[in-house]
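Dear colleague,

Please find below the structure that I am handing over to you. My notes on it follow directly after.

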Amino acid sequence: EVKEVPVEKIVTQQVEKVVTRTVEVEKVVEKVVTQQVEVEKVVEKVVEKVVEAAPAPMTQNLLFQTDHTSGPRGAAVDWALERFSVQFPHIVVRYVPAPTQVEIVYGAMVAAGSTPEAALMSGWFAAQWYTADAFVNIDDFLAKQDDYNPEDWYYPGDSSGVDFADTVPYGHLGGLRGKQYGMPYQGNTNGQHINLQLMEEAGIQWPTPGSWHLEQGFLDDLIKATDPEAGTFGIEVGGGNGGSWTQWNPWGWALADDPSIMYRSADGTRTTCWDSGADRGVRLAVDMIAVHGVSPKLGESRELAGEFRDLFSAGKLLTARNGGAVGSTIGRIAGRFPWSMAPMPEGPRGPVPHEITEQPHMISNTAALRDTVEASAQFVLFMAGPEVQGRIAIDRGSMPLRKEVHASAEMASGPPERHNMWKEYLDQPDARHRQMAYPAWLEWINSWRNVDAAHAGDLSIDDLMERSLARADRVLEDNAEAYQDLKTYIANA
């Protein structure tokens, strides 16, 4: 049998011995003179060299689940999967839409050892399962990647990486740190957009630094924009678009006497979200319905919003909170009125601080069982990389966490106007995060964050806060041992 192999033709030059020849020269006298001239004889030699072809990488298959299946988020995922298949053809990603009630289902999967190798998960989910070895540390893989620099990202707190960063400032500008069990994907922070048409109609000026105090200039502008007969309001604080604890809690940080307030103490023993005057944020939110009337009451929003699903998209709110995903809002507004990202209102020390969080792509222990850890890590690193995060800046179903993406032309382009204000938000040094590295985080946060009873007038805000804090601290007490176990596990990982 004849085997064909690729060859290289290598041409070499070899100089052989010197020879002489006799050359007649012009006769100047009657005597003949001879001159010896050195010449080279060039010999070409062809050498065949066998080059063995490098073995093709072994094909690996992995399962990936996400609930980003439609709209701007689904578009970014579809684009990313196609690009990944081109760049890494030996890694076959089988994409399965995540089920409804995804965290409950994932919990059952973890218990059964059947989780997908890579999955988009809420940032709090993993903390309850780390000590069961449910997720894989990928620090060794990341250390071998020439293009991996943890400073390329804003650090979103303890979710895909765990560092127990429980003080202010927590160092989000310094990049990723701690033990990595996945990579960031969908970021979120408390931004704010504003209806420019309502601003003009109400005679509201664009806010300047020092002019938009939460309890003064900002509140005054909300009052100017409110006309209950026309169905327009300054803001919505009681459910629906933008009305939640992630709005009024940062207000409290801005108004608190202590600039270092976080949601709970670093040792996990006390709920601190309303300490040192930080309760002024939630009190202001309750008063915006009951006293100032600048927000619709609970239950009124759906009818007022009609086909547009939320009041801001319906053109009936001056301002609304946004966490970073404006793609759906762009589609609902569809150019009916001009709108823009806006500066944050202020407290005595400056703008309302931002909280940063994320939904990461996590790598489960299924990858270790199937020997696909490196393939899974390559995939989630790609999803966190500049190409995919840059695509998110175009589709706008999420907020990117790559720093260079926030400085890009794609992020700066509208709509909305001033879309690159997300970079201004993220670059503030006093950001917080949700302290998700806690094994009972969801139970704890749910024990205090719902203040609808106060919005509805069923409870006074003082009674509500007293009951909520008592519940929250009981959760911390009941899980003190599990929290210490988690800290020990991460330290030894």
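In these notes a residue is called buried when its relative accessible area is under 20%, exposed when over 50%, and partly exposed in between, with a 1.4 Å probe and protein chains only. Helices (H or I, at least four residues) and strands (E, at least two) are DSSP runs, numbered from the N terminus.

The model is a predicted one, in which local features need pLDDT of at least 70 and side-chain atom pairs count only at pLDDT 80 or more, while totals for chains, interfaces and linings use all residues. Residues are numbered from 1 along each chain as its sequence is written, and side-chain values use heavy atoms, with hydrogens and water left out.

Helix H7 and its surroundings

In helix H7 (residues 280-290), the buried residues are Gly-281, Val-282, Leu-284, Ala-285, Val-286, Met-288 and Ile-289. Contact here means heavy atoms within 4.5 Å. The buried residues of H7 pack against helix H5 (217-225), H6, helix H17 (452-455) and helix H18 (461-478).

Strand S11 is mostly covered, with 5 of its 5 residues buried. Gly-191, His-193 and Asn-195 point one way from S11, and Gln-192 and Ile-194 point the other way. Two strands are said to pair if DSSP finds at least two bridges between them. S11 pairs in the antiparallel sense with strand S12 (residues 319-322) over 4 bridges, and there the bridge partner of Gln-192 is Arg-321. S11 also pairs in the antiparallel sense with strand S13 (residues 339-341), over 3 bridges; in S13, Ser-340 is the bridge partner of Ile-194.

Cavities

Rolling a probe the size of a water molecule over the atoms shows where empty space is left. On a 1 Å grid over the protein atoms alone, a cavity is a set of points where a 1.4 Å probe fits but cannot get out, and lining residues have an atom within 4 Å of a point. Grid points are joined across faces, edges and corners, and a volume is the space filled by probe spheres set on the points.

How many cavities of 30 Å³ or more are there? The count comes to 2. The largest cavity has a volume of about 60 Å³. The lining of the largest cavity consists of Asn-190, Gly-191, Gln-192, Thr-246, Gln-247, Pro-250, Trp-251, Arg-321, Met-344 and Val-352. Strand S11 (191-195) and helix H6 (245-255) each supply at least two residues of this lining, and H6 gives the most, with 4 residues. Gln-192 and Arg-321, which both line the largest cavity, are also the bridge partners mentioned above. For the classes, Ala, Val, Leu, Ile, Met, Phe, Trp, Tyr, Cys and Pro count as nonpolar, Asp, Glu, Lys and Arg as charged, and the others, Gly among them, as polar. On that basis the lining of the largest cavity has 4 nonpolar, 5 polar and 1 charged residues.

The second largest cavity has a volume of about 30 Å³. Among the residues that line the second largest cavity are Pro-156, Asp-158, Ile-356, His-433 and Arg-434. The lining of the second largest cavity divides into 3 nonpolar, 4 polar and 2 charged residues.

Aromatic pairs

Rings of Phe, Tyr and Trp (its six-membered ring) pair if their centres lie within 6.5 Å; planes under 30 degrees apart count as stacked, over 60 as edge-to-face and the rest as tilted. The count comes to 27 aromatic pairs. One of them, formed by Tyr-130 and Tyr-181, is tilted, at 4.7 Å centre to centre and 50 degrees between the planes. Tyr-130 lies in the loop between strand S7 (118-120) and helix H3 (139-143) and Tyr-181 in the loop between strand S9 (179-180) and strand S10 (182-189), so this pair ties together parts that are 51 residues apart in sequence. Tyr-130 is buried at a relative accessible area of 3%, and Tyr-181 is buried at 1%. The pair of Phe-312 and Phe-337 is edge-to-face because the ring centres are 6.1 Å apart and the planes stand at 75 degrees. One aromatic cluster is formed by Trp-245, Trp-248, Trp-253, Tyr-263, Trp-274, Trp-444 and Trp-448.

Yours sincerely

How values were computed: 1 Å grid on protein atoms, 1.4 Å probe; cavity = no way out; pocket = protein on both sides within 12 Å on 5 of 7 lines; lining within 4 Å.
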